[in-house]
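These are my notebook entries on one chain, made while going through the model. I wrote down what I looked up and what came back.

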Amino acid sequence: MSTEPETTESAEPGKPEDAVRSGTPTDGPDADRPSADGPGADGPGADGPNADVPGADVPGADVPGAGVPGADGPGADGPNADVPGAEDAPGTDDSPNSADTTEPADTTDSTDTTQPEKDTTEPAAAEGSPQLSEAEAELLAQKLERERIEQRKAEKKGPIASGTKLSGPAADLLAAVRAVESGEKPVAAVFDEPRPAPRRPAPEPVRRPQPVPAAPAAPDTPAPQTVDGVRRVLAAGSAPEALAPQVAAALGEGAEELLREDPWQLLRVTGVRPEQADGFARALLGAECRPDDERRTRAVTVWLLEQAALAGHTALELSALATALARQGVPDADTAVQSTLAEGEALVFQDALDEPGARPGTAPSTPAASSAPPAAAGDGADDTEGEQEGEEERPVRVLVGLERYALAEESLADGLARIVNSLSKEPSPEWEAAAAAVSGSTAELIRAAAGHGLVLHTGGEASRAEPAALLTVARGLGLRAVAACHTPDGRRRFAALLGAEDPVVTVAGLLAGTEGPGRDAEGALDLDVLVVLDAPQLDVEGAAMIVESLPDGARLVLSGDPAVLWSAGPGRVFADLLAARTCPQVASRTPDPGPLGELVSGVGIGELNQVDAPGKEVVIVPVRDAGEAVHRTVQLVADSVPRALGVPPEDTVVITPGHGGAAGTRVLNAALKERLNPGPGRFGGFDPGDRVAYSPAPGRTVPGQVVGADAEGLHLSCADGAVVVPKERVEQAVRHGWALTAHQAVGSRWPAAVVVLPGDAAQALSRPWVYTAFGRGERHLSVVHGVEQALPRAVAEVTAKPRTTRLPVLLRSQVPAAQ
């Protein structure tokens, strides 16, 4: 590893780092999305789970809402500074605006609407008919059996008795849940008004989700009169009138009246923060604007839950939510939560904890113990009275979450249980013969897939040869086998291992129906084996869509490197499945080769080792300050790497912790454009030949190049072909792409990588971030190093920040632990 004389750099703390304080970090999972250049993502640490997501940097400074009365302006705390658990943000990526996030509609339907009880009288009537054929009798018996199963599931999903040990707001919330489940009116201590209809536990879904577009279509343009009406309200509240189209699109028809009646609806617009909405409300309502206004407390509660989702959480503990509400000036957090639940804008859950001595409502000390069977599926539902008394001693964790993520997590757990239980476990001589022909972890993977519906496979880049061998074996046995990757580049690399492109697709293309085998008459994917690469990048909604799209009897293999950054969206699906141990796990024993493989493997176990790099595979470039870091980066990309290694600038990627700051992606991209493709930026800041990062959906980045522009929009050439980005979405979905964040780069590799670590990025570094960034180069890695000892300290001590999820709880209630 070659180095240059070490120098020091005066650290200039970045805003994202300020956000990393007691449960409220700024780097939410969406910090890296394309809007990240927007307001607020100026801190070097903006590379949280969503640092690359458009809109991730919105909530703070430069966003269109910043001019609203009461705004903090750029705000050093960043967009998620006050969000409970925002520090757990996975890092952020490249999705366009969080407002563009797609929601798998059928996934939610499958978990919320099925009510088997309503048909229970039909079998009885059929039984009395003497005309039944043998086939009809068999169908009737199967129907009766399904009803019995559903009844048992519903019985098991009753609230656990441990709730009797709760007190205060947690007890009130639990009482409300029980009242709703039983169909009774919720107690007044919890809800001011009755819920429209009791919510019953979701049975196993019966419908599979239908395909959804890979790239969300641009929202319908609101009617001109609606925009004009909203503009008048914004002007009356001294808010920027430029927000009118966004507000009208978010609130829909009647937006003017709704905004006048409830000014805090402004929080539904991406990038607007509570203090900005408060200023707008004060201008409209005058003396009627109060911190305890129910409209305000409800809107702030939902906003905090949305910010927590950007940080990777699918739900928040009640105590964390209450703390965050108090930080936002809500006088009575309990009443705020109760009002939000009463309006159906959030759901409450109680999960029994396995950890001995844990206090009710608190999380266990270790992630493995943080989730025990939830109240809705407690193991003691059919226990005797004495056993129920024993259950009373078990502590309970009370969680609050948004419905869309709760339903996606439940749908995912149901689908995984179906996959695990639907495959025949009979041994196959053909599979065994195929396994005998290979050795090591490849043979283990083939044997595991032969007899199990769900298999987890872990390993680095070199280990991808093992799922490639599995796919070849499956296709050789006549099975319809397909591999899905996170990025087009991942698809290209995996297809090279197979020697064919036919069975390899992207996850987005598979779900959209634009790639892969298509779907059968029932809406299921027309395949027998699905291997998903880059599995750590699956969030709960994407994973639920995949699992619910698989037919009964299909095999699902999730393969990935558990050391990389987690998904940009909420959840940590791959990590939760590994921790739950509900299926076979195969750890690859194939190491990544060369000095780069040795360096990255060491980082994965917390060691930053010196490696021998005779071919200049690894080069360290010390810098004193951010200005020098930018200068040296441009020099490396444009001159040094092409001259020394023969790697042209277009094959080199620059990776930095965030979009903002003196050496963030914005500054680096401006400097690289000036050197590599200077131009006036005629098309919304872009010129033909510019390298760009296009974000068609939250959590996805597609590298491309600008071809031109016309009345239709900005024309790009991407790996998947030509793309036209409508001009109204260019600012949200496209950014220059010479320099990326680690979340934007995950899932892809380049011949050379230049990782820039300016001094103000020290607080944003973690072991997963360094592991991901250092692993993007195939032949060469240059590290522009200005953080001194912060780098080895981050590798050794700063692990992935936890995320609050319910998937392990839901899995343990349905799938027994693998032996």
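**Strand 3.** I started with strand 3 (residues 347–352), and six of its six residues are buried, so the strand is largely enclosed by the rest of the structure. Buried here means under 20% relative accessible area, exposed means over 50%, and partly exposed lies in between (1.4 Å probe, protein chains only). Helices (H or I, at least four residues) and strands (E, at least two) are DSSP runs, numbered from the N terminus. Two strands count as paired if DSSP finds at least two bridges between them. Which residue of strand 4 is the bridge partner of Phe349? I found Leu399.

**Source notes.** The model is predicted, so I kept in mind that local features need pLDDT of at least 70 and side-chain atom pairs count only at pLDDT 80 or more, while totals for chains, interfaces and linings use all residues. Residues are numbered from 1 along each chain as its sequence is written, and side-chain values use heavy atoms, with hydrogens and water left out.

**Whole chain.** I noted 29 helices and 20 strands in the protein chain. Of its 819 residues, 58% are buried. Contact means heavy atoms within 4.5 Å. Among contacts between residues at least 6 apart in sequence, 75% join residues at least 24 apart.

**Helix 16.** The 12 residues should span 16 Å, and the end C-alpha atoms are 18 Å apart, which agrees. Nine of the 12 residues are buried, so helix 16 is largely enclosed by the rest of the structure. Among the buried ones are Ser441, Leu445, Ile446 and Gly451. I also looked up what covers the buried residues, and the list includes helix 15 (429–436), helix 17 (465–476) and strand 9 (555–560).

**Helices 14 and 20.** The axes of helix 14 (residues 403–422) and helix 20 (residues 540–548) come within 8 Å and cross at roughly 35°. Axes are lines fitted to C-alpha atoms, for helices over the stretch in contact, and angles run from 0 to 180 degrees between N-to-C directions. The residues that meet include Tyr405, Leu412 and Ile419 in helix 14 and Val540, Ala544 and Val547 in helix 20.

I traced an open sheet of five strands in the order 16-15-14-13-17, with antiparallel pairing. Strand 16 (721–725) and strand 17 (734–736) stand at the edges, each with a single partner strand, so one side of each is left without a neighbour in the sheet. Neighbouring strands of this sheet are turned by 40° against each other on average, direction ignored. Strand 13 (residues 691–694) pairs with strand 17 over three bridges in the antiparallel sense. Tyr694 stands opposite Val734 in strand 17.

**Val746.** I placed Val746 in the loop between helix 26 (742–745) and strand 19 (750–757). Is Val746 buried or exposed? Val746 is buried, with a relative accessible area of 4%. Thr701 is 45 residues from Val746 in sequence and 9.1 Å away in space, C-alpha to C-alpha.

**Cysteines.** I looked for disulfides (pairs of cysteine sulfur atoms within 2.5 Å) and found zero. Cys485 is buried at 0% relative accessibility, and Cys583 is buried at 4%.

How values were computed:
Expected span 1.5 Å × (residues − 1).
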